[in-house]
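Here is a short report on selected local geometry. It covers aromatic ring pairs and backbone features.

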Amino acid sequence: MQAWQVHENGEPSEVMRLQEVELPTPGDGQVLLRVRAANINFPDVLMCRGHYQVRPPLPFTPGVEICGETEDGRRVIANPALPHGGFAEYAVADAAALLPAPDALDDSEAAALHIGYQTGWFGLHRRAALQAGETLLVHAAAGGVGSAAVQLGKAAGARVIGVVGGADKAAVAREQGCDVVVDRRTEDVVAAVKEATGGRGADVIYDPVGGEAYTQSTKVVAFEGRIVVVGFASGTIPSPALNHALVKNYSIQGLHWGLYATKNPRLILDCHRQLTELAAKGAIKPLVSERVPLSGAAAAVQRVGDGVTTGRVTVVPNGAAA
């Protein structure tokens, strides 16, 4: 079969190689899946660079989120068991963790439903307890993680402010349902958010960026507001001033979604059922901006790493349906 492999760490476009390899052999409790579509996530970029908390042995195949097909023809969502990731024609995954792909979504949309939407759901509901009528601020609102949070926020009845970088991303954020869009390249984020909220600030802030975005969040978080930290796509990990959190009376909440798989896997199943229901109603629908063939995976992963994409980019192996 064909699979992309990383033999040394570096930029994805430089270290990912498309090769002919043997079919992976499932271990105990694992199944072999034909990859119908694989979604590109920022952790794929970080793993190529050797900067992720999980470091699979070299060589490995990236791709942590797929829509696959079982030997008996079932369409499922899975997180492949590394080093046999999803940027390949076949992958392996833990049988107990397979989730049914929603009928309302095509393969690429289903592949993009899992990590970003589960993270959004857990962040907004389990951690921040977002309520209808509250104001939600989403950084990187046009990206894959951000657009999922925007849709989930709207589905929960929140007023959503999206922060983006550039006019093209601003248009995407509006299409995803943002009530207010702030372009950080041309606007003062803090001033714009304060104006949009009458000086009150945002009740919940969803931050997959870190760095300057986190600093801005602390200046516009409302009384009893919650800042949910889900990642550091900017490359800069903030150092929170806890005296500031005390004086302004807000919470800083971390979210490591992957921990739920070992700490409380039942919640992942419950979340998936709710996401499936929202998809069936049309309340959420992953924004897939590009569907690329397997041969284009390395370049696509690099574009995600460079921050020039919107929504989700999925890899569709040759011969698979989009």
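The text below takes the ring pairs, then the backbone. The model is predicted.

**Aromatic pairs**

A pair of aromatic rings is described by the distance of the centres and the angle of the planes. The structure holds two such pairs.

Take W121 and F122. Their ring centres lie 5.4 Å apart. The planes meet at 80°, so the pair is edge-to-face. The cut-off for that class is over 60 degrees. Both W121 and F122 are buried.

F122 also pairs with Y260. Here the ring centres are 4.2 Å apart and the planes stand at 40°, so this pair is tilted. Stacked would need planes under 30 degrees apart. Like F122, Y260 is buried.

The pair of F122 and Y260 links distant parts of the chain. F122 sits in helix α4, residues 115-127. Y260 belongs to helix α10, residues 260-263.

F122 takes part in the pair with W121 and in the pair with Y260.

**Cis peptide bonds**

Next, the peptide bonds. The bond from L58 to P59 is cis, with omega near -10°. P59 lies in a loop, between α2 (42-49) and β4 (66-69).

Another cis peptide bond joins L82 and P83. Its omega is about 20°. P83 is also placed in a loop, the one between β5 (75-78) and β6 (90-94).

**Positive phi**

Which value does phi take at A140? It is positive, about 55°, although A140 is not a glycine. A140 is found in the loop between β8 (135-139) and α5 (144-155).

N249 is a residue other than glycine with a positive phi, near 65°. Its place is the loop between α9 (242-248) and β13 (251-254).

How exposed are these residues? The relative accessible area of A140 is 33%, so A140 is partly exposed. N249 has 36% relative accessibility and therefore counts as partly exposed. Partly exposed covers values between the buried limit, under 20%, and the exposed limit, over 50%.

The table sets out the two residues.

| Residue | Phi | Relative accessible area |
|---|---|---|
| A140 | about 55° | 33% |
| N249 | near 65° | 36% |

Terms used:
Residues are numbered from 1 along each chain as its sequence is written. This is a predicted model: local features need pLDDT of at least 70, side-chain atom pairs count only at pLDDT 80 or more; totals for chains, interfaces and linings use all residues. Side-chain values use heavy atoms; hydrogens and water are left out. Rings of Phe, Tyr and Trp (its six-membered ring) pair if their centres lie within 6.5 Å; planes under 30 degrees apart count as stacked, over 60 as edge-to-face and the rest as tilted. Buried means under 20% relative accessible area, exposed over 50%, partly exposed in between (1.4 Å probe, protein chains only). Helices (H or I, at least four residues) and strands (E, at least two) are DSSP runs, numbered from the N terminus.
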